[in-house]
Amino acid sequence: MTPKGARILIKVQKEEAKTRGGLHLPSSAVQRPTCGKVISIGDGKTEDNVIRPFSVKEGQTVLFTKYGFNSQEIVLSKENYLLLEETDVVGILPTENAIADDILALDPINERVIVRVDETPGVTTGGVHLPESAKEQPLSGTVLRSGPGRFDPDQPGQRKSTQVKADDRVLYHKYAGDKMQVSDGSQVVILRDADILCKA
């Protein structure tokens, strides 16, 4: 199967049934996989017949957003595939069969930025412990890595650099990005450059 335009075909990674340490997860804790291997890519041609280069290559393992609206699930020979646009891919992972622990090694593509989220206090000033649902949504964090920027539509082959770099402190939109938890208990969020409100 060969995708058209800016679409790519991904073989979806199987659900993670246990942790890297060998702990088996109950079915309720098994999350829908959001990474997979790039099988083939389109010709990059847009509706206005402009060819846009891809940032991913065949054979790479990529992480994609779980909120993509233009993706299409496909089953071939009992294997799960996903046809989506490259704009739904957030970054490239260093290894196949990646798990949550590998997110910190993610290489963001285009205008994506990976941010370590600031922890939210779990106790009020009066000493009352707050449940997770009562904590305010974090809006700040530290940039771990940023992509090279999106391709400039007015200058073929050129990119518009992201506005932040590693170690920058930033504020971002409350509901922006894909949030993930890593093994040390901290959270990261993968944002678009435009979701960042300012440097803190």
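The model is predicted, with local features needing pLDDT of at least 70, side-chain atom pairs counting only at pLDDT 80 or more, and totals for chains, interfaces and linings using all residues. Residues are numbered from 1 along each chain as its sequence is written, and side-chain values use heavy atoms, with hydrogens and water left out.

**Whole protein.** I noted 15 strands and zero helices; both are DSSP runs numbered from the N terminus, strands (E) of at least two residues and helices (H or I) of at least four. Among contacts (heavy atoms within 4.5 Å) with a separation of 6 or more, 64% join residues 24 or more positions apart.

**L84.** I located L84 in strand β5, which covers residues 79-85. L84 counts as buried because its relative accessibility is 1%. Beyond its neighbours within four places in sequence, L84 contacts A6, R7, I8, I10, F64, N70, S71 and V89. For one of these, R7, I recorded a C-alpha to C-alpha distance of 5.3 Å across 77 residues of sequence.

**N80.** I then turned to N80, also placed in strand β5. N80 has 46% relative accessibility and therefore counts as partly exposed. With neighbours within four places in sequence set aside, its contacts are I10, K11, V12, I74 and V75.

Methods: Buried means under 20% relative accessible area, exposed over 50%, partly exposed in between (1.4 Å probe, protein chains only).
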